[in-house]
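Q: I'd like to learn how to read aromatic rings in a protein model. Can you walk me through it?

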Amino acid sequence: PFDPANVQGDILAGLPKKVQHYLLFQIDDNVQAFRQRLKLLIPLITTTTQVMDDRSKIAANKKAAQEQGKPAPLLKISGVNISFSHTGLVKLGITDDIGDSAFTAGQLADAQNLGDPGSGTPFVPNWIPAFKNPIHGVVIISGDSELTVTATQAIVNGIFNIGAHNATMHEVLTIKGQVRPGAEKGHEHFGFLDGISQPAVQDVDTKPNPGQETVGQGVILCGRDHDVVAGTTTPVARPPWALDGSFLAFRYLFQLVPEFDTFLKNNPIKSTGLTPEQGSELLGARLVGRWKSGAPIDLFPLQDNPAAGTDPSQNNNFRYDFPDDPKTQDRCPFAAHTRKTNPRADLEDLGFPTENRRIIRRGVQFGPEVTPEEAKSGKTKFGRGLIFAAYQSNIVNGFQFIQHSWANTVGFPIQKPVQPGFDPIIGQQTDLAIRTLSGTDPNNQSATLSLPAEWVVPKGGEYFFSPSIPALRSKFAL
Ligand code: N7H
């Protein structure tokens, strides 16, 4: 039977966070010592059940403070999860075929297929050096503040003797993320509310919001119901220890925010009655598929509705299938980021289920807010962006397919004679040529808009496997 206490907490519940560190590591040569040390880490690993408890505590703390009309007192919350890459499994001597070819090859080998800019034969992406060498795994450490997370990371360092003469692993890189400040909380760096649309998982998220689709557990967890070969009902062959684990597609994505803003400013949608500011705002919303508030443009095509943006009973309740809007881009461009990455009725109404393409997105923002100087010059000076982290039972069906076959594929979704074009946020090609999409102007839908080669710049990534707690105990630790 399924027990959420067996599943690492980031997958199904999401580690609560204001700050999150991704400690990317290599296992040192004394593998037995590493496995012994891993045993000491297991009690620290936050399970789904623990995250649910933490979330209740946070909610109760907030409610009590509201009732007393005071700011909520600080609540020290910290979470730890661990995942391994294929090279990490090999280092540990775990050589079973886990049933995911993208994972087994690793993300560096996939970079060209993902469209990451780069060059040469063999192809080398324009990544930072840390990601061009093997990374064996990642420890995810999250918490309420930098102080809490740093303290927890020190405990992790101590467990593995990082930096000491008897170290069992070493740090390749720690990427530090944090939720944006003030009213931008929950918004990514381009300014849009994120983390709204996630699939509900069968028997876990038992009260889905209106419009939120429920997927079989096996879409996210290996070995569970609906962990099947694409387009069939045949279960994917996996070793027994893969049960209740999940694959983590990790990407280090920089965002060119001043450049994005300047483009919107210079290309407002011209419609009767719109000021240039409103026209720029509408263009941004049509590139993403939502207003910055989170309100979906399929429901609110002409004007933002901030209350609806944060209202879970409204903000996911759409399918791109309005009867008065049969397959046009009146409300939403076919290539808008949310429509490309989850086309809903565009595919389902044609008889193509999208269930096995769904992923659960975690991750967090990194880098500082845009400075006045950057805003003025329209040029990025300080690195910022999204630490993208998405879970699924099958990378080939999930992240890889969404990036390669949807976001980067100009003919998707098929809407002849219209060519939708690139996903304007994440669609990409290795040669950094200009990208185009159609349908951004609701009054002239066949017109195409040319975009800069990239606003989202991939600088690294890896595919990891996040084992169940029982698998960590019996297969990974000693
Ligand atoms: Fe996206 N953005 O700010 O524009 N994303 N995304 N994403 N994304 C979503 O609906 C963004 C990236 C998905 O179910 C929202 O929760 C940025 C990658 C999927 O309707 C916003 C980056 C991939 C969804 C953004 C980025 C995806 C989604 C709306 C990179 C996969 C759900 C909030 C820096 C390959 C769609 C929401 C649905 C939503 C943005 C990356 C996939 C605002 C800036 C790499 C599946």
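This is a predicted model: local features need pLDDT of at least 70, side-chain atom pairs count only at pLDDT 80 or more; totals for chains, interfaces and linings use all residues.

Q: What describes a pair of aromatic rings?

A: The distance of the centres and the angle of the planes describe such a pair. Here, a search of the whole structure turns up 25 aromatic pairs. Take Trp241 and Phe465: their ring centres are 5.9 Å apart and their planes sit at 80 degrees, so this pair is edge-to-face.

Q: Where in the chain do Trp241 and Phe465 lie?

A: Trp241 is in the loop between strand S8 (214-215) and strand S9 (246-255), while Phe465 is in strand S15 (residues 456-466). The pair links distant parts of the chain, 224 residues apart.

Q: Are Trp241 and Phe465 buried or exposed?

A: Both are buried. The cut-off is under 20% relative accessible area, and Trp241 counts as buried because its value is 10%.

Q: How do the rings of Trp241 and Phe476 pair up?

A: Edge-to-face, with 5.7 Å from centre to centre and 80 degrees between the planes. Phe476 belongs to helix H15 (residues 469-476) and Trp241 to the loop between S8 and S9, so the pair ties together parts 235 residues apart in sequence.

Q: Which residues do ring pairs link into a cluster?

A: The cluster consists of Phe25, Phe34, Phe84, Phe103, Phe160, Trp241, Phe247, Phe465 and Phe476.

Q: Which residue lies over the face of Phe322?

A: That's Arg331, at 3.8 Å from the ring centre. Lys292 lies over the face of Phe192, at 5.8 Å from the ring centre.

Key:
Residues are numbered from 1 along each chain as its sequence is written. Side-chain values use heavy atoms; hydrogens and water are left out. Rings of Phe, Tyr and Trp (its six-membered ring) pair if their centres lie within 6.5 Å; planes under 30 degrees apart count as stacked, over 60 as edge-to-face and the rest as tilted. Helices (H or I, at least four residues) and strands (E, at least two) are DSSP runs, numbered from the N terminus. Buried means under 20% relative accessible area, exposed over 50%, partly exposed in between (1.4 Å probe, protein chains only). A charge sits over a ring if NZ of Lys or CZ of Arg is within 6 Å of the ring centre and within 35 degrees of the ring normal.
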